[in-house]
Amino acid sequence: MGGPALQHLYLHVPFCPTICPYCDFHVVRRYGDVVEAYLKRLAQEARGLFEQHPGPLTTLYLGGGTPSFLRSHELEALFRALPWNIEAAEVTLEANPGTLNPERLGLLRELGVNRISLGVQSFQDSVLKTLGRAHGRTGALRAVEMSLEAGFHTSIDLILGLPGQDVEADLAQATALGVEHVSAYTLQVEPGTPFALRGLAPDPDSEAQALALAQEVLGTAGLARYEVSNFARPGRESQHNLAYWRNAFWGGLGPGATGQLAGLEPHIFAVRYTNPPLPRWLQGEEPLLEQVGSLEHLKESLMLGLRLAQGVDLELLEQRSGLEVWPALEPAVRQLSSQGLLVVQQKRIRASDLNTLHPIILQLWDGLERQNPAPLEPRRLPGY
């Protein structure tokens, strides 16, 4: 199966030194020769995807798990397994504070990494202990400082609204360090995790106050809220994550990874695939495939795009989906605009408040489904 050049690639590294009690990602501890087997299988999968979708890449994101937990020779083998040209790409690697040192950062630079996403979560020892993190405040501070000193574009993750947390102190510490990007999340307690089994439940009021405080503190420091949970200095937004929020195409490598590639039939806009977990992936089990039609793609694009401060270009969605978008949405758009929930500029719409998206999305979806426009052959912009 052929297709357009692949611009965005996600690579999943499932190995972690410890597994946090709130984590529901596909993660495992290393054992035996499992990393060696993983790297061998990864090289096979990468070659197959490259033959169908060559680059060069615009973004490469190594997530996990903890990619920085790999040993130096394993990181070198991982990058050798990728046949794509990444010279001009944004190359992000997720890291935990305890896995970095100057030598490791130097190797990452040599391998082509130019952006580090640090799982700090908090700069307060008591909060880190509650979260089950392996690092403390001192380790978090040192990791951020080392990443910045080594010249990486540096982003940190923070979890906000936790019991006993001084949210303003965590936010102020992030701005004082001079990071370019902050992903500020509230705690999601997923079924089956230790936190869920202990009956922990987030406090919606505390979380709402925390996000409002994040917008104030980070915004004052020059990090604008460009997505519901993400703040960045101008020009330092995560280009890889923007591809997700714009519902673009991307490839996925590794166990549990998901990709979305262009459909080759007129009635199939995209094909989404999800790789099996590590044991079955190592055995070569095929991914689970899902066909995405034009209307479904359009609904997802509205939901994801409205998470962005810049909103959604409906004219672009018409060109991409082949559907008559504006006639279907105009009544709902006008009503939401009159209620002060949407800002409309020609055919671009954006939410007035990123904290109140749910009712907006439901009303827009309802407008699409009531109109039920007849699908046309998808028309995609060049290079999309």
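Glu 74 and Arg 30 form a salt bridge, with their closest N and O atoms 2.6 Å apart. This pair links distant parts of the chain. Glu 74 sits in helix α2 (residues 72-80). Arg 30 lies in the loop between β1 (8-13) and α1 (34-52). The two residues are 44 residues apart.

Glu 74 counts as buried, because its relative accessibility is 5% and the cut-off for buried is under 20%. Arg 30 has a relative accessible area of 22%, so this residue is partly exposed.

## Confidence in the model

The model is predicted. Its chain averages a pLDDT of 89, and 90% of the residues score at least 70. Where pLDDT is low, the predicted coordinates should not be read in detail.

## Other salt bridges

The structure holds 10 salt bridges. One of them joins the side chains of Arg 272 and Glu 300, at 2.7 Å from N to O. Here too, distant parts of the chain are linked. Arg 272 belongs to strand β11 (residues 270-274), and Glu 300 belongs to helix α11 (residues 294-305). They are 28 residues apart. Both Arg 272 and Glu 300 are buried.

Another salt bridge pairs Arg 142 with Glu 145, whose closest N and O atoms are 4.0 Å apart. Both residues are in helix α5 (residues 137-149). They are 3 residues apart, which means a separation of about one helical turn. Arg 142 is partly exposed, with a relative accessible area of 37%. Glu 145 is also partly exposed, at 34%. A network of salt bridges links Arg 142, Glu 145 and Glu 149.

Helix α3 spans residues 102-111. Its buried residues are Arg 104, Leu 105, Leu 107, Leu 108 and Leu 111. Viewed down the axis of α3, they fall within an arc of 160°, so they line one face of the helix. The face turned away from this buried side carries Glu 103 and Glu 110, both exposed. The buried residues pack against α2, β3 (90-95), β4 (115-121) and α5.

At the start, a side-chain oxygen of Asn 101 comes to within 3.1 Å of the backbone nitrogen of Glu 103. After the helix comes Gly 112, with a positive phi near 110°.

## Helix α12: burial and ends

Helix α12 covers residues 314-321. Leu 314, Leu 317, Glu 318, Arg 320 and Ser 321 are its buried residues. Among the elements that cover them are α11, β13 (312-313), α13 (325-338) and β15 (348-351). Helix α11 is also where Glu 300 is found.

The ends of α12 can be described in turn. At its start, a side-chain oxygen of Asp 313 reaches to within 3.0 Å of the backbone nitrogen of Glu 315. Just after α12, Gly 322 adopts a positive phi of about 75°.

Definitions and conventions:
Residues are numbered from 1 along each chain as its sequence is written. This is a predicted model: local features need pLDDT of at least 70, side-chain atom pairs count only at pLDDT 80 or more; totals for chains, interfaces and linings use all residues. Side-chain values use heavy atoms; hydrogens and water are left out. Helices (H or I, at least four residues) and strands (E, at least two) are DSSP runs, numbered from the N terminus. Buried means under 20% relative accessible area, exposed over 50%, partly exposed in between (1.4 Å probe, protein chains only). pLDDT is the predictor's confidence in each residue, from 0 to 100. The arc is that of the directions from the helix axis to the C-beta atoms. Contact means heavy atoms within 4.5 Å. A polar contact is a pair of N or O atoms within 3.5 Å; within protein, one must be able to donate a hydrogen and the other to accept it, and residues adjacent in sequence count only if both atoms are side-chain atoms.
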